[in-house]
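Please look over the sequence and the structure shown here, and then read the short report that follows.

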Amino acid sequence: MPLIESTERGLYCAQGQFYIDPWQPVDKAVITHAHSDHARAGSGSYLCHLLTVPLLQLRLGPHVYQGVEWGEPVYLNGVRVSLHPAGHIVGSSQVRVEYKGEVWVASGDYKTEDDGLSGTFEALPCHVFITESTFGLPIYNWKPQPEIFTGMQEWVRLNTARDRTSVLIAYSLGKAQRVLVGLGESVGPVYLHGAVWNVHQTLQAAGIRLPQALRVMPDMPRELFRGKVVIAPPGAEGSPWMRRFGPYALGVCSGWMQVRGNVRRRNADAGFIMSDHADWKGLLGAIAATGAEKVLVTHGFQAVLARYLNEKGIGAAEVRTEYGEDEEGGETAPDEAATDAREEDGPGEVKGPDAPEEGAENGQS
């Protein structure tokens, strides 16, 4: 019997009697991170990283939460479980599972470039590695983060000179905080959509240092936003909430911006190729660093990545999950993205939806 198997409720460790990121209520859930496709309400108890606890409280409400530090072992029915940095968002973790000398690692979502907020991805030696594949195509190749933010700052300054509001679309948990930090203080006041503001306050209360920002309030006059920056989730795009910022320029922050067709499709003024997931090289590098004898590939372009690994002599198989339906993983259907990519001569720019409307006070998305 495999140490971790795929079931109708999620990834399950029968020996330890727990699930990893279950999509149905279970008795014991081990959670990699607080995005809503990986963390759902209704389970009896939740084990996660300390910084994930307040985010789960914000998004799922009152439950039984146990927060642990990275590397701190927890024993569940004789199975040694520990959490390790995934680099995806604040508190995001890989789950290391060990029993009788056999080690499996479930990555959750991850990226290998250190963004200065989410922890540095830790390669964990294991026998079996369960990896995501959100951007598991060779066309996805991220620029270094400083280069991305330099371009974003220049775009904002150009809009400011034209007396236009710069509206940046970024997922409320994870990417919005990276954008806020990356913009720095040189662009002036930054205003946040209510869903982004909720996460901002929660992280600050948990001790995460973030630049100061202001919440967009209904009674704020239109003139206040001229030449300023607004960060909003994709759910706000095209909504009546956006009308207060005109004239504005729309910029979308997403890994899907790698494909230019998505910029046109979303009628954006700019697309910033920025993802909280590993690109193709990042996926391959992370997999190789584990030394895993077998790789199980979940959400994204899993068929492509699994086939490539098998051709390279690494035993790989696909695992169907319900992940990737929130945040970037569900922004553009994989087959649509692949079609767009084939139409392009080279790397371009893309984007996609992410989070809740202004009224989502509990931060759900």
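## Strands and their pairing

In this predicted model, Tyr191 stands opposite Val230, a residue of strand β15. Strand β13, made of residues 190-192, pairs with β15 in the parallel sense, and the pairing runs over three bridges.

These strands belong to an open sheet of six, arranged in the order β14-β13-β15-β12-β16-β17, with parallel pairing. Because β14 (214-215) and β17 each have a single partner strand, they stand at the edges, and one side of each is left without a neighbour in the sheet.

## Helices on the sheet

Helix α2 lies across β12, β15, β16 and β17, and its direction makes about 145 degrees with that of β12. Helix α3 also packs on the sheet, where it touches β12, β13, β15 and β16, running at about 160 degrees to β15.

Helix α2 covers residues 145-161, and its 17 residues should span 24 Å at 1.5 Å a residue, which agrees with the 25 Å between its end C-alpha atoms. Its buried residues are Gln145, Ile148, Phe149, Met152, Gln153, Trp155, Val156 and Asn159; because they cover an arc of only 160 degrees around the axis, they lie on the same side of α2.

These buried residues pack against β12 (165-169), α3 (175-183), β15 (229-232), β16 (248-253) and β17 (270-272), whereas Pro146 and Ala161, on the other side of α2, are exposed. After the helix comes Asp163, whose phi is positive, near 60 degrees.

## Cysteines

The structure holds zero disulfides. Cys13 counts as buried because its relative accessibility is 1%, and Cys126, with a relative accessible area of 8%, is buried too.

Note on methods
Residues are numbered from 1 along each chain as its sequence is written. This is a predicted model: local features need pLDDT of at least 70, side-chain atom pairs count only at pLDDT 80 or more; totals for chains, interfaces and linings use all residues. Side-chain values use heavy atoms; hydrogens and water are left out. Helices (H or I, at least four residues) and strands (E, at least two) are DSSP runs, numbered from the N terminus. The expected span of a helix is 1.5 Å times one less than its number of residues. Buried means under 20% relative accessible area, exposed over 50%, partly exposed in between (1.4 Å probe, protein chains only). The arc is that of the directions from the helix axis to the C-beta atoms. Contact means heavy atoms within 4.5 Å. A disulfide is a pair of cysteine sulfur atoms within 2.5 Å. Two strands pair if DSSP finds at least two bridges between them. Axes are lines fitted to C-alpha atoms, for helices over the stretch in contact, and angles run from 0 to 180 degrees between N-to-C directions.
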